[in-house]
Amino acid sequence: MLLFGFFLLIYLIALIENLLLITIVVLDCQLHKPMYIFLANLSILDICFISITVPKSMNISLTQIRSISFSGCMVQIFLGLTFAVVEFTLLAVMAYDRYIAICYPLHYQLLMSKIKCFCMIAVCWVSSIIYSTLHTLNIIFLPFCGPNNIDQIFCEITHTLKLVCADTYGNEMAVFMCGIIFGIIFSSSVIASYVRIFLTIKKIPSSQGKHKAFSTCFPHLAVFSLFMSTGILTYLRKSSESSITEILASLLYSIVSPIANPLIYSLRNKEIKAALEKLINKIFYYRKIF
């Protein structure tokens, strides 16, 4: 019951935070900009990502039935990979958005229109679904002889491959190398964007202008660093068997980002704070009327 209460509290906090952020962006016309459209999509992803792991953990804690069907496990792998890769690519796109906004402010409306913004989001989703489908098919037809015990809090591809009663060296290397290659490509794009951003910020004459430019970049940089650090601990750790460190890393990866992301963005963003205050005032105004 203690674990169930813990997972339920975590899940409710993540849902409330992210749904509130989505609501603010949707209802406030002043936030209908690419930066906040990306942010709303990030909150949708966080809700989806935490929903494929924590509810199952809640069910296990309550019923003590520590099992999952093979199809359920494969669905969890597919969705987990999809949402993780979409979030990773979306964070890279958000870095590009900040790069355009700070380095080319006069051309921002032309280079980052709403249509281009939605096209970028669509590309992130489609490419991630294709990537996840290939990796899921890479494991779904392999032979599982048992005992099929996963020492993790959810089905994760590298641990599931350990249950296969066949040579999986090629499969494991495919997962590992794809993670390394795409990780380097997208991380390099984020780093390159921020190098250009910081060089541009250095040229800004006023300290107030520098602070304003940096304050729009810090939340994204913090979210990206958190996502990358927990992801590396979870997916790129090479070990023969599971450990408490890996389980804790998976727990951090699946619950910390969905809770921390809306807080990081909201606490450092004046426009979101103002929109939240406006929404609260509207709610209290309507309550007084009725």
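What percentage of the 290 residues in the protein chain is buried? In this predicted model, buried residues account for 43% of the chain.

The secondary structure amounts to 11 helices and zero strands, and along the sequence the pattern reads α-α-α-α-α-α-α-α-α-α-α. The chain is as compact as a globular protein of its length, because its radius of gyration, 21 Å, is close to the 19 Å that the globule rule gives for 290 residues. Taken along the principal axes, the box filled by the C-alpha atoms is roughly 65 × 50 × 30 Å.

The helices can next be set beside the database record. An unreviewed UniProt entry carries the annotation "transmembrane region" for residues 6-27, 34-54, 74-96, 117-134, 173-195, 216-235 and 247-267. Residues 6-27 are 100% helix and 0% strand in the model, and 32 Å separates the C-alpha atoms at the ends of the span. Residues 117-134 are likewise 100% helix and 0% strand, with their end C-alpha atoms 26 Å apart.

Helix α4, formed by residues 70-103, packs against helix α6, formed by residues 114-140, at an angle of about 145°. The axes of these two helices are 8 Å apart, and their crossing is right-handed. Sorted by class, the residues in the contact of α4 with α6 comprise 19 nonpolar, seven polar and no charged ones.

Helix α4 also contains Met94, a residue that brings the description down to the level of a single side chain. Met94 has a relative accessible area of 6%, and it counts as buried because this value falls under the 20% cut-off. Leaving aside residues up to four places away in sequence, Met94 touches Phe38, Leu39, His220 and Tyr265.

Terms used: Residues numbered from 1 in each chain as written. Predicted model: local features only at pLDDT ≥ 70, side-chain atom pairs only at ≥ 80, totals over all residues. Heavy atoms only, no water. Axes fitted to C-alpha atoms, helices over the stretch in contact; angles between N-to-C directions. Helix = DSSP H or I, 4+ residues; strand = E, 2+ residues; numbered from the N terminus. Left-handed = near helix turned anticlockwise from the far one by under 90°. Nonpolar A, V, L, I, M, F, W, Y, C, P; charged D, E, K, R; others polar. UniProt positions renumbered as here; feature names shortened; annotations may be inferred. Rg over C-alpha atoms; globule rule 2.2 N^0.38 Å. Buried < 20%, exposed > 50% of the residue type's maximum accessible area, 1.4 Å probe, protein only. Contact = heavy atoms within 4.5 Å.
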